[in-house]
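Visitor: I'd like to learn how to read salt bridges in a model. Can you walk me through it?

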Amino acid sequence: MRLTACLTLTALLVAASPALAQKTKTVSFIDSLNQATATEAVESFVDAMEAQDFFSAYYYLSPEAKDSTYQTLASLQFGKLLPGTDPFKMEGSVIGDRTLPAVLQEDLTEGAQIFDDLMQGALVSGHAPFTFEDAEVMSITEGDADGMAEVAVSKGPSPLKLSLQKTQWGDWRVDEITWEGSAEGKPWDAGESAPVEGATRAEGPRTILDTLPTETPEDVAEAFVNAFAAGDYYQAHLLMSPAAKRALLDPMRPIMMMQFLPGLDEADLPGTGLFRQVQRADALAFDTMRDPAVVMHRLLTAAERQGVMPFSFDGAEIEGVGHVTEPSEPDTGMVAETIATVKTSGNPDSITLHLVQLPNDQWRVDRLSWVGSLDKLRPWGVPI
C-alpha cells in the first residue's frame, strides 16, 4: 500500500486572473518539498520516482549525490547510472540526441532537468537499472543525521535500499541507492547489473515543466508576470529563454550585480550559496550553485526582502502583445519573437517583455526592459 499520495504538480502553478497579476504570495515548487523528516523525504522521493517525475525526485537527493551525478555525466561515465548507455546516442534524451538544435540542449540548465532527461531517456531506450513501479516502502529507520529505508518494487532489483542523510541545514535527503548486484556510488552505481526489461513509460504530464503554459506569447507573458507578482521566482526562471538563464549567471559576479539588483546587500543572502568565504565547494554549493532556478528564487526573495527590486509586478496588467516577427538575432536558433507590454502600478510604470519562440514551439521570456534600463542585457539591467 502506498504511504502517501504524490503531490499534484498542477496545484503548484500560480492562480491568477487572465490579465491582472495577483499580490497574494504563493508557495513555490522548491519551497513545497517535503524534507522535514526522513519519512517525508523517502515517501516523496518514492512517489516521484514511481510517477516518473524524475525532476522532483532530483530535489530529494543529497548534495553529494547531486554532485556525483554531475561528475559522472561530465566524465561521460553514463554506464554507472544507466547500464549500457551510449552518451552520444540515447533515444528519448535531449542530451543524447545530437540531431536536435543546440539551443534545446542549452535549455537544460538545472541539474533537475538533466537528471529527468537522462532517466526518461533510460526508460525509453531500455537502459534503466531499476524502476519504482508499484513501489512500497517496507521500512524506514532514522538516526540523528542518517538513516535507511527499504523499498519493494515489482520490476527490476528488489528491494532497493536507500541510505538517508540529514543536511547541515536540517533537510532529509536520499544519499545512495543500492541493491543486490550494484556497486557503491552516489546516487547509485549499477555495477554489473543489467537494465530492466519492459519498463512502462508514464503517459501525460510528468513534471512541473510539462504544466508550464508556454504555448503562446500571451500565455507565457501572463504566467511570468503572475509568478513574479506571487514571489515565485523559481517558476519565473523556468519560463525564461536559455540565453536569459545563462545570462543570469553573469550578474552573480559581484562586479555585475549592481546592474541586476542595484543596492543589494551581499551579506544578507542566506541559502543562496553566493559570495561566501569558503576554500572549496561545500554541501550548500553542491545543492544550489548548479541550479540557477534555485539561486534566482532565493536571490530575488532576498532582494524583495531588502527592498531593492528594480521593478514590481504587483497588480500589473498585460496591455497587449505585438506582432510575431522573425528573430532579430538569427544565429540564436530561435523561431520567432515578439513583445508584451505590461502596465504596472509602480515605477517603472510600463515594462516590456521581449519574448522568443524555441524550436520546440515553446515561448519564453528573453529579457525585460523599460525606460532608462539597459535594453540589451538579459534578463534585465540598469545603469550604474
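Visitor: Is R173 buried or exposed?

Guide: R173 is buried, with a relative accessible area of 3%; buried means under 20%, exposed over 50%, and partly exposed in between, using a 1.4 Å probe and protein chains only. Keep in mind that this is a predicted model, where local features need pLDDT of at least 70, side-chain atom pairs count only at pLDDT 80 or more, and totals for chains, interfaces and linings use all residues. Side-chain values use heavy atoms, without hydrogens and water, and residues are numbered from 1 along each chain as its sequence is written.

Visitor: Which residue forms a salt bridge with R173?

Guide: The general idea is that side chains of opposite charge can pair when their charged atoms come close. Here a salt bridge is a side-chain nitrogen of Lys or Arg within 4 Å of a carboxyl oxygen of Asp or Glu. For R173 the partner is D287, with the closest N and O atoms 2.8 Å apart. D287 is buried too, at 7% relative accessible area.

Visitor: What about R378, which residue does it meet at 3.3 Å, N to O?

Guide: That's E329. R378 is partly exposed at 21%, and E329 is partly exposed at 39%. R378 also forms a salt bridge with D366, the closest N and O atoms being 2.9 Å apart. D366 is buried, at 3%.

Visitor: Which residues are linked in a network of salt bridges?

Guide: E329, D366, R367, D375, K376 and R378. Across the whole structure, the search finds 17 salt bridges.
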